[in-house]
Amino acid sequence: MAGGTRELTVDLGERSYPIYIGTGLIAELGRKFAERGFPVKSPILLVTDSAVEGLYAAAVEESLRASGYTVVRAVVPSGESSKSLEMLDLLVEKALQAGLDRKSTVIALGGGVVGDLAGFVAASYMRGVKFVQIPTTILAHDSSVGGKVAVNHRLAKNIIGAFHQPEFVLYDLDTLASLPIREVRAGLSEVIKHGLIWNADFVAWCDDNADRLLALEPDALGYALYEGCKVKSIVVSRDERENDLRAILNLGHTIGHALEAVAGYGELLHGEAIAIGMVGSARLAGRFGYSADIEETTERIFRKFGLPVRIPDSCPTDAIMGAMLHDKKFSEGNMVFVVPTAIGSVEIRRDVPSAWVTDIVNGLREGK
Ligand SMILES: NC(=O)c1ccc[n+]([C@@H]2O[C@H](COP(=O)([O-])OP(=O)(O)OC[C@H]3O[C@@H](n4cnc5c(N)ncnc54)[C@H](O)[C@@H]3O)[C@@H](O)[C@H]2O)c1
Ligand SMILES: [Zn+2]
């Protein structure tokens, strides 16, 4: 591996897998396949999107071919709408035409959309083939750990899916250089979330290193992605199928998902919506009597990273509350929320009065 590569194991017993984070890693992909005994006779399906293809697909293919592998490329349109049954159908067709067999591998080269889609192809094609992730967004540090793969239905997001762990994740930091800055900030929002739920020291480190992270300095970025993946992997290895603990990963997501739905997907990026949501959760912490410092720190850090911390006027409170109701986040007038108890730790509260949430949503407006 190239110098400075960080390695982390997602500990899931027989399904454990490594995440490699560093620069220059794509060039080593073919060697990794050979080392791990992936059969050269079985063709590989490389799934990517229209924005990433022209940048990195050729390098991935070259690396694999140099080690004797046959690769077939499949490109889907960039964007959330590609997480569909229609794209699944097209990719299965491509896999059949290319002669993928039970020992084949599906590779996801892209952000969370490609990861979730290609992962679901890998989970379902011939009842499951090997899967490898090459994430190319910062947000995908989140989606590439934990094995949740899915496509959307027109009535609900991520509703058709599976748990399917990858063989390994290869995070080549060089690919992040082409990310639009808005995607960089939004991805860092989930990185900071992992600190807020689990690791106060890491939050402080992000605070001190905001400039280096926004400039995509490889050593800072490699460390931040390593720490973010580590928190997620600890949580996932203790609760792979989301029975209880894994729910803490949803900090900021109750309000965040509602904002995404009301603003219209794409208006607010996921990481932007959950930044606002995390400020809302921090306000809830104050209502429960936890330190006011939680809200002050949360808001200040997100502002430092250029993320939104107020609800846009295009999202009326009624519509946001309605979206949360639709999301089944209510039980008998109370709501379920992940609430910070300090920077670096959270608890799941099922006793959040919906009136508090309405107040907080009303209060999180520009000028307030
Ligand atoms: N499975 C999970 O546990 C999990 C967790 C979090 C999010 N997700 C899913 O992840 C998806 C969001 O992921 P995302 O934010 O990575 O979105 P994305 O995959 O749509 O990528 C964001 C945008 O950046 C472009 N892009 C990707 N890599 C690039 C690069 N290196 N250079 C230039 N442009 C690039 C993409 O084409 C797209 O336009 C959602 O569908 C969400 O449901 C899944
Ligand atoms: Zn998220």
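A charge is taken to sit over a ring if NZ of Lys or CZ of Arg is within 6 Å of the ring centre and within 35 degrees of the ring normal. In this predicted model, Arg-349 lies over the face of Phe-288, at 3.8 Å from the ring centre. Lys-130 lies over the face of Phe-38, at 5.2 Å from the ring centre. Residues are numbered from 1 along each chain as written, with chains lettered from A and ligands numbered from 1 in the order of writing. Local features need pLDDT of at least 70 and side-chain atom pairs pLDDT 80 or more, while totals for chains, interfaces and linings use all residues; side-chain values use heavy atoms, without hydrogens or water.

Rings of Phe, Tyr and Trp (its six-membered ring) pair if their centres lie within 6.5 Å; planes under 30 degrees apart are stacked, over 60 edge-to-face, and the rest tilted. The structure holds nine aromatic pairs. In one of them, the ring centres of Trp-205 and Tyr-223 are 4.6 Å apart and the planes stand at 65°, so the pair is edge-to-face. Trp-205 belongs to helix H7 (residues 200–208) and Tyr-223 to helix H9 (residues 218–238), so parts 18 residues apart in sequence are tied together. Helices (H or I, at least four residues) and strands (E, at least two) are DSSP runs, numbered from the N terminus. Phe-288 and Trp-356 form an edge-to-face pair, at 5.0 Å centre to centre and 65° between the planes. Phe-288 lies in the loop between helix H11 (270–287) and helix H12 (293–304), and Trp-356 in helix H14 (residues 354–363), so this pair ties together parts 68 residues apart in sequence. Ring pairs also link Tyr-20, Phe-33, Phe-38, Tyr-69 and Phe-168 into a cluster.

Accessibility was classed by relative accessible area: buried under 20%, exposed over 50%, partly exposed in between (1.4 Å probe, protein chains only). Phe-288 is buried at 19%. Trp-356 is partly exposed at 23%, and Tyr-223 is partly exposed at 26%.

A nonpolar core is a set of buried Ala, Val, Leu, Ile, Met, Phe, Trp, Tyr and Cys residues joined through side-chain atoms within 4.5 Å. The largest has 78 residues, of which Ile-138, Phe-305 and Met-324 touch the most other members. At least three residues come from each of domain 1 (6–178) and domain 2 (189–365), with bounds from an automatic or database domain assignment. A second, separate core of 23 residues includes Leu-45, Leu-91, Val-106 and Val-151.

Helix H4 (residues 112–124) is largely enclosed by the rest of the structure, because 12 of its 13 residues are buried. Among the buried residues are Asp-116, Leu-117 and Phe-120. Met-126 follows H4 and has a positive phi, near 50°.

The zinc ion (ligand 2) is coordinated by Glu-190 (OE), His-253 (NE2) and His-270 (NE2), at 1.9 to 2.1 Å. The donors follow the spacing E-x62-H-x16-H along the chain. Donors are N, O and S atoms within 2.8 Å of the metal (3.2 Å for Na, K and Ca); water is not among the atoms, so sites may look incomplete. Glu-190 is buried, at 1%, whereas His-270 is partly exposed, at 22%.
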